[in-house]
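Trainee: Please take a close look at one part of this model, helix packing, and set it in its surroundings.

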Amino acid sequence: MALLEVKNLNKTFGKTAVLKNVSFSLPNGRCLAVIGSSGSGKTTLLRCLNFLETPDEGTVYVNGKLLYDAARQKAYSENKVRAMRTHFGLVFQNFNLFRQYTALQNVTLAPLLAAKGDKASKEELEAIREKGRALLKRVGLENKMGNYPHQLSGGQQQRVAIARALALEPAILCFDEPTSALDPELTGEVLKVIRSLRDQETTMIIVTHEIRFARDIADYVIFMDEGVIVEEGPPEQVIDAPSNPRTVRFLERYAET
Amino acid sequence: MVENVIKALQGGFLVSLELFGLTLLGALPLGLVISFGSMSRIKPLAWLTRGFVWIVRGSPLMLQLLVIFYGPGLLFGWNVWGGSDSGRMIAALTAFILNYACYFSEIYRGGIEGIPQGQREAGQVLGMTRPQIFFRVTLLQLVKRILPPISNEVITLVKDTSLARVILVYELMWEGQRFIKSAGIIWPLFFTGVFYLVFTGLLTILFRRLEKRLDYFTV
Ligand SMILES: Nc1ncnc2c1ncn2[C@@H]1O[C@H](COP(=O)(O)OP(=O)(O)O)[C@@H](O)[C@H]1O
Ligand SMILES: [Mg+2]
């Protein structure tokens with residue numbers, strides 16, 4: 001059974017349909033890569049999954065249970081939406097680290113707030129901090145825990161952002177072009193972290209322009225164009241032997257650059 | 001003579017200080033309310049608020065003082081403020097608070113709109129509640145952004161308090177000026193100048209300290 005199942009997602013902004021009947025499923029521990037030219041709706045898809053946008057139509061199932069149904073939108077209170085969000089994590093293109101907090105504080109802020117809301121003991125709070133340190137170590141930043149975002153390179157900031165997302169142990173971790181705001185020489189360190197998550201079978205959705213990386217890492221690839229899933233399948237098929245002319249054209253353009 | 005002058009200036013200074021303090025006390029929060037109004041999703045409310053802010057910011061404070069003080073009586077025969085010192089003080093405060101709240105509201109609005117949406121969204125994605133996002137993420141960044149323009153306005157307010165004399169609020173300048181007529185001396189006026197300088201100087205130092213304390217991060 002798929003961990004995540006998305007059915008017929010539709011989203012329009014004003015009169016433009018940005019997502020048109022997007023459906024896919026993702027088994028536990030697998031990695032899905034979403035590729036497509038800019039403006040094809042990839043970011044919107046991730047934002048819908050994290051409920052930063054409300055889809056106009058469609059349903060989302062997690063672990064076989066209906067999590068979200070656009071038809072019942074009005075019934076979802078703010079608290080309900082927050083609960084739904086806990087299934088997903090999102091790593092933004094431009095990191096969005098909290099400016100006034102250190103790397104470690106960025107990682108622990110939300111878990112600490114949640115734990116304090118549940119009247120956690122001192123030991124539990126310390127465990128959260130300890131876990132935050134472990135996560136930063138895992139992304140190779142044990143020496144930068146006390147640094148503020150402006151004291152970190154883009155690659156380091158993005159790694160903090162990944163640790164921050166992991167701290168809440170989301171079932172599905174989403175990446176929105178995690179390296180496209182980075183200087184080329186800094187993409188490697190971020191991709192390496194994502195690869196290590198992949199090795200530990202973290203369930204992931206990665207929107208990326210790094211086609212070679214997508215090919216290496218993904219179990220399944222979706223190519224989107226103008227809000228529609230045009231082609232999908234294992235990377236050997238979609239990337240190495242695309243059958244749809246639009247996919248072919250996109251990949252050719254990519255190969256040129 | 002000197003004693004009289006000192007006494008008069010002291011009295012005036014206290015009136016100026018009162019005007020200054022109470023204006024801030026009223027205008028800082030009222031400005032936030034007005035800024036919410038001007039950012040409201042209810043369009044007519046937003047337009048109305050912005051129109052009001054435009055009028056207040058676009059006309060002289062002295063004119064507003066005169067209209068608020070004399071307007072009700074002359075237009076409607078309604079003596080709201082009474083004839084006493086405290087009545088005139090309240091009229092002056094009304095004008096000052098409204099005027100400064102409008103200036104502050106624009107500063108707040110700029111500050112709030114300037115904080116990248118991504119900061120709030122990062123909080124949302126991490127399951128934080130709206131109040132948590134406001135108090136733990138947005139607020140301090142907002143304070144850091146608005147501190148410099150707020151400090152400008154606050155320092156302008158110190159000097160603007162002298163306008164209250166047009167409706168016979170006996171603030172510092174009034175008290176200094178009256179010795180020109182009654183005793184033909186101008187030096188009390190120099191002292192008022194020193195008062196303003198010291199006062200604004202202290203505020204400048206205070207604000208610079210506050211800004212320094214928020215130097216550890218960038219927005
Ligand atoms: N908040 C919004 N309001 C209006 N249009 C939007 C909004 N967000 C995205 N769009 C439009 O939706 C389309 C898809 O955008 P996006 O999901 O960001 O694509 P991608 O991430 O694939 O580049 C674009 O045409 C974009 O202009
Ligand atoms: Mg995008």
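Mentor: In chain B, helices α3(B) and α4(B) cross in a right-handed manner (the near helix is turned clockwise from the far one by less than a right angle; left-handed is anticlockwise). Helix α3 covers residues 61-76 of chain B and helix α4 covers residues 85-114 of chain B, and they pack at an angle of about 135° with their axes 9 Å apart. Axes here are lines fitted to C-alpha atoms, for helices over the stretch in contact, with angles from 0 to 180 degrees between N-to-C directions. The angle makes α3(B) and α4(B) oblique to each other (under 35 degrees is roughly parallel, over 145 roughly antiparallel, 65 to 115 roughly perpendicular, and the rest oblique).

This is a predicted model, in which local features need pLDDT of at least 70 and side-chain atom pairs count only at pLDDT 80 or more, while totals for chains, interfaces and linings use all residues. Residues are numbered from 1 along each chain as its sequence is written, chains are lettered from A and ligands numbered from 1 in the order in which they are written, and side-chain values use heavy atoms, leaving out hydrogens and water.

The pair belongs to a chain with eight helices and zero strands (DSSP runs numbered from the N terminus: H or I of at least four residues for helices, E of at least two for strands). From the N terminus, the order in chain B is α-α-α-α-α-α-α-α. Along the principal axes, the C-alpha atoms of chain B fill a box of roughly 70 × 45 × 25 Å.

Chain A provides two further helix pairs. Helix α3 (residues 103-117) and helix α4 (residues 122-138) of chain A have axes that come within 9 Å and cross at roughly 150°; α3(A) and α4(A) are therefore roughly antiparallel. Their crossing is right-handed. With helix α5 (residues 154-166) of chain A, the axis of α3(A) comes within 8 Å and crosses at roughly 25°, so α3(A) and α5(A) are roughly parallel. The crossing of α3(A) and α5(A) is also right-handed.

Another helix of chain A, α1 (residues 42-49), gives the largest share of the shell around ligand 1, namely three residues. The residues around the ligand include A:F13, A:V18 and A:K42 (a heavy atom within 4 Å). Oxygen atoms of ligand 1 lie 2.6 Å from a polar backbone atom of A:G39 and 2.5 Å from an N or O atom in the side chain of A:T44. Taken alone, ligand 1 exposes 560 Å², of which the protein buries 56% (accessible areas by the Shrake-Rupley method, 1.4 Å probe).

Terms used: A polar contact is a pair of N or O atoms within 3.5 Å; within protein, one must be able to donate a hydrogen and the other to accept it, and residues adjacent in sequence count only if both atoms are side-chain atoms.
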